[in-house]
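Here are my notes on this structure, as numbered points. Please read them with the sequence and the model open.

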Amino acid sequence: MLSRTLLCLTPAAALRAPTRLATSMSAAPYTLYDLPVSNNGARVRMLLYYKDVKDVEIVSPMELGGLRSEEYLKVNPQGKMPALACRDENELVPESDTIARFLGGKFDQGGAFSPPAGSIE
């Protein structure tokens, strides 16, 4: 299983890192479908790191045949990445901004990444 180690690798090193072939939903509570060179995915990986979210498996959409493959479209019908599959909640959170809001609301540790609602900041 990939872990926080992949979150900290440079893009070149991450591309050489061993990955698993995704054939079914992971045993990890969260599966992030992302590529190491994705800026939007980097935003999500950064939040996962700062929020200290453990047991996140990172899977490349290319392992499923690409963003437009039938298998990936089952994960995210929009064919976009990143996408976060939440096993315990049985839901999929697409798009980096939506994932960031989900993680911010779900995990308190790591501080807030946005001003409180109603503030002038």
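1. Arg87 is partly exposed, with a relative accessible area of 36%. Its side chain meets that of Asp88 in a salt bridge, with 3.8 Å from N to O. Asp88 is exposed, at 56% relative accessible area. Keep in mind throughout that this is a predicted model. As background, side chains of opposite charge can pair when their charged atoms come close.

2. How many salt bridges does the count come to? The count is six, and the pair of Arg87 and Asp88 meets the rule because the distance of 3.8 Å is within the cut-off of 4 Å.

3. Another salt bridge joins the side chains of Lys80 and Glu95, at 3.6 Å from N to O. Lys80 sits in the loop between α4 (70-75) and β3 (83-86), and Glu95 in the loop between β4 (91-94) and α5 (96-106), so this pair ties together parts that are 15 residues apart in sequence. Lys80 has a relative accessible area of 44% and is partly exposed. Glu95 is partly exposed too, with 32%.

4. A further salt bridge is formed by Arg101 and Asp97, whose closest N and O atoms are 3.0 Å apart. Both residues lie in helix α5, four residues apart, which is about one turn of the helix. Is Arg101 buried or exposed? Arg101 counts as exposed, at 61% relative accessibility, while Asp97 is partly exposed, at 38%.

5. Which residues make the nonpolar surface patch of about 290 Å²? They are Met46, Tyr49 and Tyr50. Met46 is placed in helix α3, which covers residues 39-50. With 38% relative accessibility, Met46 counts as partly exposed, because this value falls between the cut-offs of 20% and 50%.

6. Now the protein as a whole. Its secondary structure comprises five helices and four strands. Read from the N terminus, the order of the elements is α-α-β-α-β-α-β-β-α.

7. Of the 121 residues in the protein, 41% are buried. The accessible surface amounts to about 7,100 Å², and carbon and sulfur atoms account for 54% of it.

8. A last point concerns contacts along the chain. Taking contacts between residues at least 6 apart in sequence, 61% join residues that are at least 24 apart.

Terms used. Residues numbered from 1 in each chain as written. Predicted model: local features only at pLDDT ≥ 70, side-chain atom pairs only at ≥ 80, totals over all residues. Heavy atoms only, no water. Helix = DSSP H or I, 4+ residues; strand = E, 2+ residues; numbered from the N terminus. Buried < 20%, exposed > 50% of the residue type's maximum accessible area, 1.4 Å probe, protein only. Contact = heavy atoms within 4.5 Å. Areas by Shrake-Rupley, 256 points an atom, 1.4 Å probe, with all protein chains shown as cover. Patch = residues over 30% accessible without salt bridge, like charges linked within 9 Å, V, L, I, M, F, W, Y side chains within 5 Å.
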